[in-house]
Amino acid sequence: MSQADLTMQGHSAGMLTDRPFAIPTKKLAMWLFIIADTMTFAACLVAYGFLRNATPDWPRPFHSILNVAMMTFILLTSSLTMLLGVQSAKAGDKAGAFRWTMITALAGIAFAVLHIREWLGLIGEGMTLFKNPWGTGLFGAAFFSVTGLHITHVIAGVIALTIVGLRYKGGRYNADDIEIVGLYWHFVDLVWMFVVPFVYLLNLAH
Amino acid sequence: MAMTVEQKHEGIGKYLVVYLCILALAGLQFAIAYQNITAAQMFRRMLSVALVEAGVAVMFFMHLWSEKRGFLLFVVFFTIFVLLAMQFGWTDSFRLTQCAGYCS
C-alpha cells in the first residue's frame with residue numbers, strides 16, 4: 001500500500017468519525033430541520049405581509065386580545081416547562097423529566113384548544129378561506145394558512161413530546177432525545193412570537 | 001453530560017429570568033398594538049421586539065449560545081442570508097399600493 005493510500009484512508013476515517021461542530025448527529029439534524037422550517041414560516045409570513053401591504057381594504061377583525069394573550073402566555077410558559085424537563089433529564093431525574101415533558105404536552109393541547117375555539121368563532125362570523133364580511137377575501141386565506149401551519153406544528157410537537165416522553169420513561173430514549181424534542185418545541189414557540197404581532201396585533205380593530 | 005443538582009437549580013434560576021424577559025417583551029408587543037401610531041411604525045416596532053425576543057429564545061432556551069462558536073455563526077449567517085433573500089418582493093408590493101405600472 002502506498003503512502004498516498006495510507007494518507008487518504010486516514011483522512012477518510014477522520015472525516016467519518018469527527019462529528020460536525022462537535023454536537024450529536026441527531027441534534028445537528030434537528031437544527032438543520034429548524035433552519036429549513038424557519039424558511040417555510042418566513043416565506044409564509046413574507047407572502048402574508050406582501051398581500052396585506054398591497055391590498056387596500058385589508059380587514060381588522062380582532063376586537064379583543066384576551067384569547068391571543070392567553071395563548072401566548074401558555075406557549076411561552078410551555079417553553080419554560082420544557083426547559084425544566086431537559087434540565088431534569090440531564091440531572092438524571094427521570095420522573096421529573098417525564099413529568100415536565102408531559103406538562104409541556106398538556107400546555108400544547110390547551111394552546112391548540114384555544115386556537116381551534118378562535119377559528120370556530122371566526123368561521124361562525126362568516127370567515128372562510130375565500131371570503132369574509134369585513135373586506136378582501138385574501139384575509140381568510142392568509143390567516144388560516146399562517147395560523148394553520150403553526151397549529152399543525154403544535155399538534156406534531158404534542159405527539160412528539162408524548163412519544164419521546166414515554167420512550168424516555170421506558171428507557172428506550174435518553175436525555176439527548178428530550179433535549180432534541182425540546183429544541184423543536186422552542187422553535188414552535190419562537191414562530192408564535194412573529195405570528196402574534198403580524199397576524200393578530202396588526203389587525204386589531206381600533 | 002450529566003449535571004449536579006446544584007447546577008440544575010442554578011440553571012433554573014437563569015431560565016426563569018430569561019422566561020420573564022421574554023414574557024415582558026411579549027407584553028410590550030401587546031402594548032405597541034394600542035399605541036396611536038401608523039401601521040408602518042407599528043410594524044417596525046413589533047418586528048424589532050420580535051427579533052429581540054426570538055434572539056433571546058434561540059440563544060438561551062435553545063442553548064445556541066453554549067454551542068461551538070462555529071456552529072452559532074453557521075446558524076446565524078445561514079438564516080440571515082436566506083431571510084434577506086426573501087425580501088425582494090417588497091418593492092413590487094409597495095408599487096402595487098401606489099398603483100404604478102399595470103395596476104389600475
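Mentor: Let's start with a definition: two residues are in contact if their C-beta atoms, placed from the backbone, lie within 7 Å. Keep in mind that this is a predicted model. By that cut-off, the contact between the chains takes 36 residues from chain A and 40 residues from chain B.

Trainee: Which helices of chain A supply at least two residues each of the side that touches chain B?
Mentor: Those are H2 (25-54), H3 (66-90) and H6 (175-200) of chain A. H2(A) gives the largest share of that side, 10 residues.

Trainee: How do the residues of that side of chain A divide into nonpolar, polar and charged?
Mentor: There are 27 nonpolar, 7 polar and 2 charged residues on the side of chain A that touches chain B.

Trainee: Staying within chain A, what makes H3(A) and H4(A) roughly antiparallel?
Mentor: The axes of H3(A) and H4(A), the latter spanning residues 94-124, cross at roughly 165° and come within 8 Å. Angles over 145 degrees count as roughly antiparallel, so H3(A) is roughly antiparallel to H4(A). Their crossing is left-handed, and the residues of this contact comprise 14 nonpolar, 11 polar and 1 charged.

Trainee: And why are H2(A) and H5(A) called roughly antiparallel?
Mentor: H5(A) covers residues 138-169, and its axis and that of H2(A) come within 10 Å, crossing at roughly 160°. With the cut-off at 145 degrees, H2(A) and H5(A) are therefore roughly antiparallel to each other. The crossing of H2(A) and H5(A) is left-handed.

Trainee: Which residues meet where H2(A) and H5(A) touch?
Mentor: From H2(A) come A:Phe41, A:Cys44, A:Leu45, A:Tyr48 and A:Leu51, and they meet A:Leu138, A:Ala142, A:Ser145, A:Val146 and A:Leu149 of H5(A). By class, that contact has 9 nonpolar residues, 1 polar and no charged ones.

Trainee: A:Thr55 sits in the loop between H2 and H3 of chain A. Why is A:Thr55 called partly exposed?
Mentor: A residue with 20 or more other C-beta atoms within 10 Å is buried, and one with 12 or fewer is exposed. A:Thr55 has 18, so A:Thr55 falls in between and is partly exposed. Leaving aside residues up to four places away in sequence, A:Thr55 touches A:Thr136 and A:Leu138. A:Met102, by contrast, is 47 residues from A:Thr55 in sequence and 43 Å away in space, C-alpha to C-alpha.

Trainee: Now to chain B. How many helices and strands are there?
Mentor: Chain B has 4 helices and 0 strands. Of its 104 residues, 15% count as buried.

Trainee: How do you know that H2(B) reaches close to its expected span?
Mentor: H2(B), residues 39-61, has 23 residues. From its first C-alpha to its last it reaches 31 Å, close to the 33 Å expected at 1.5 Å a residue. The buried residues of H2(B) are B:Met42, B:Met46, B:Ala50, B:Glu53, B:Ala57, B:Val58, B:Phe60 and B:Phe61.

Trainee: Is B:His63 buried, exposed or partly exposed, and why?
Mentor: B:His63 has 16 other C-beta atoms within 10 Å. Buried needs 20 or more and exposed 12 or fewer, so B:His63 is partly exposed.

Notes. Residues are numbered from 1 along each chain as its sequence is written. Chains are lettered from A and ligands numbered from 1 in the order in which they are written. This is a predicted model: local features need pLDDT of at least 70, side-chain atom pairs count only at pLDDT 80 or more; totals for chains, interfaces and linings use all residues. The expected span of a helix is 1.5 Å times one less than its number of residues. Ala, Val, Leu, Ile, Met, Phe, Trp, Tyr, Cys and Pro count as nonpolar, Asp, Glu, Lys and Arg as charged, and the others, Gly among them, as polar. Axes are lines fitted to C-alpha atoms, for helices over the stretch in contact, and angles run from 0 to 180 degrees between N-to-C directions. Angles under 35 degrees count as roughly parallel, over 145 as roughly antiparallel, 65 to 115 as roughly perpendicular and the rest as oblique. A crossing is left-handed if the near helix is turned anticlockwise from the far one by less than a right angle, and right-handed if clockwise.
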